[in-house]
Amino acid sequence: MGYRHAIVMSDKPGVSSTRSDGCRLHEVRWNELPVDVAAAEIDGVIFDDPRATHTELPSVIATLPNVRWVSIEARSIAMLTPSALPRLADLVISGTTDVVMPKGPWPELRMLRAREAKVKLRADELPVLESAELRVKTKADLSEVGRLRRLRALRIGPVRADATVAALAELPLTSLHFERGTIAELDGLLRWPKLETFGAFRCTGLKNVDALSKLKALRSVVFVGCRDHGGVLSKAVTKLRARGIDTELS
C-alpha cells in the first residue's frame with residue numbers, strides 16, 4: 001500500500017501537489033498542519049530545512065499518530081526520536097554530512113536511504129531493517145551493516161576490495177548494488193546464490209565479472225559509469241541478455 005498524504009514543512013512553503021505515485025504533498029509552514037486533511041490520514045513528513053535552522057522536532061508531530069515515512073536533511077537527523085515516531089518505516093536522509101543514527105530501537109523501520117551522508121548505525125537498534133542505501137566510512141561501520149540480519153536489499157559504497165563484500169556475507173541478500181569503488185572482481189557475489197538483482201555504479205576497477213554467469217536466480221544487472229576494461233562488461237552483458245536477463249550498460 002502506498003502513502004497517501006505527506007506534509008512538506010518549510011519556512012517558505014510552496015504549492016501543494018500530487019506525486020506520480022498518488023501521494024498528496026501538503027505544503028505548510030514549520031510546525032503547522034494542513035487544514036484540508038485529518039491528522040490521522042497524514043502518513044509522511046518532509047522536513048524542508050536545508051540550512052538546518054531548526055534543531056528540535058516540531059511539536060505538532062506528536063499529533064500525527066500514523067507517520068510511516070520521513071525525509072530529512074542529515075544535519076537535522078538528531079531531532080528524530082522513536083518515541084515521537086513509533087511507526088516510522090521508511091527514512092530518507094539527504095545531504096552529505098556524516099551523522100549518527102538517533103538512538104533506538106526503531107521497531108518498525110524497514111527502509112533506510114542515505115546515498116550521500118555517511119550514517120553510523122547500531123544494528124541491534126534496527127531489528128527489522130530490510131532495505132538500505134548507505135555509504136560507509138570505517139570497518140566498524142561496515143561490520144554493523146553486516147549485522148543487519150533481516151537486510152535483503154543493499155546499495156553500498158565505496159567498495160574497494162572483496163574484503164568489503166566478505167563483511168556482508170551473513171546477510172540474506174537478494175538485491176545488491178555497489179556505489180563507487182575500485183573493486184576488481186565479483187567472485188564474492190557467489191556468497192548469495194539467491195541474488196536476483198545486481199548493479200555497479202561508478203565502479204572503475206571492474207575487470208572480472210564472471211561470477212554473474214553462475215548466479216542462477218539473477219534477473220537484472222546494471223552497470224552505470226563503470227570502465228569497460230577490454231570489453232569485459234560488454235561481453236558479459238551480451239551473455240546475460242542471451243539468458244533473458246534484463247541488463248543495462250551505460
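The following exercises, each with a worked solution, concern the predicted model shown above.

In this predicted model, local features need pLDDT of at least 70, side-chain atom pairs count only at pLDDT 80 or more, and totals for chains, interfaces and linings use all residues. Residues are numbered from 1 along each chain as its sequence is written, and side-chain values use heavy atoms, with hydrogens and water left out.

**Exercise 1. The chain as a whole**

Task: State how many helices and strands the chain has, and explain why it is described as being as compact as a globular protein of its length.

Solution: 

Step 1. The chain contains 3 helices and 14 strands. These elements are DSSP runs numbered from the N terminus, with helices (H or I) of at least four residues and strands (E) of at least two.

Step 2. The radius of gyration is 20 Å, close to the 18 Å that the globule rule gives for 250 residues, so the chain is as compact as a globular protein of that length. The radius is taken over C-alpha atoms, and the rule is 2.2 Å times the number of residues to the power 0.38.

Step 3. Along the principal axes, the C-alpha atoms fill a box of roughly 60 × 35 × 30 Å.

Step 4. Of the 250 residues, 48% are buried. Buried means under 20% relative accessible area, exposed means over 50%, and partly exposed lies in between (1.4 Å probe, protein chains only).

Step 5. Among contacts (heavy atoms within 4.5 Å) between residues at least 6 apart in sequence, 29% join residues at least 24 apart.

**Exercise 2. Charge**

Task: Give the numbers of positive and negative side chains, and the distance between the centres of the two sets.

Solution: 

Step 1. Lys and Arg are counted as positive and Asp and Glu as negative, while His and the chain ends are not counted.

Step 2. On this count the chain has 38 positive and 31 negative side chains.

Step 3. Each charge is placed at NZ of Lys, CZ of Arg, CG of Asp or CD of Glu. The centres of the two sets then lie 6 Å apart.

**Exercise 3. Backbone geometry**

Task: What kind of peptide bond joins Gly-104 and Pro-105, and what is the phi of Ala-52?

Solution: 

Step 1. The bond joining Gly-104 and Pro-105 is cis, with omega about 15°. Pro-105 lies in the loop between strand E7 (99–100) and strand E8 (111–120).

Step 2. A cis bond also runs from Gly-157 to Pro-158, with omega near -5°. Pro-158 occupies the loop between strand E10 (153–157) and helix H2 (162–166).

Step 3. Ala-52 is not a glycine, yet has a positive phi of about 55°. At a relative accessible area of 21%, Ala-52 is partly exposed.

Step 4. Arg-202, in strand E12 (residues 197–203), has a positive phi of about 55° although it is not a glycine. Arg-202 is partly exposed, with a relative accessible area of 39%.

**Exercise 4. Sequence separation and spatial distance**

Task: How far apart in space are the C-alpha atoms of Glu-56 and Leu-80, and of Lys-12 and Asp-48?

Solution: 

Step 1. Glu-56 sits in the loop between E4 and E5 and is exposed, at 62% relative accessibility. Glu-56 and Leu-80 are 24 residues apart in sequence and 8.4 Å apart in space.

Step 2. Lys-12 is in the loop between strand E1 (5–10) and strand E2 (17–18). With 75% relative accessibility, Lys-12 counts as exposed. Lys-12 and Asp-48 are 36 residues apart along the chain, and their C-alpha atoms are separated by 8.9 Å.
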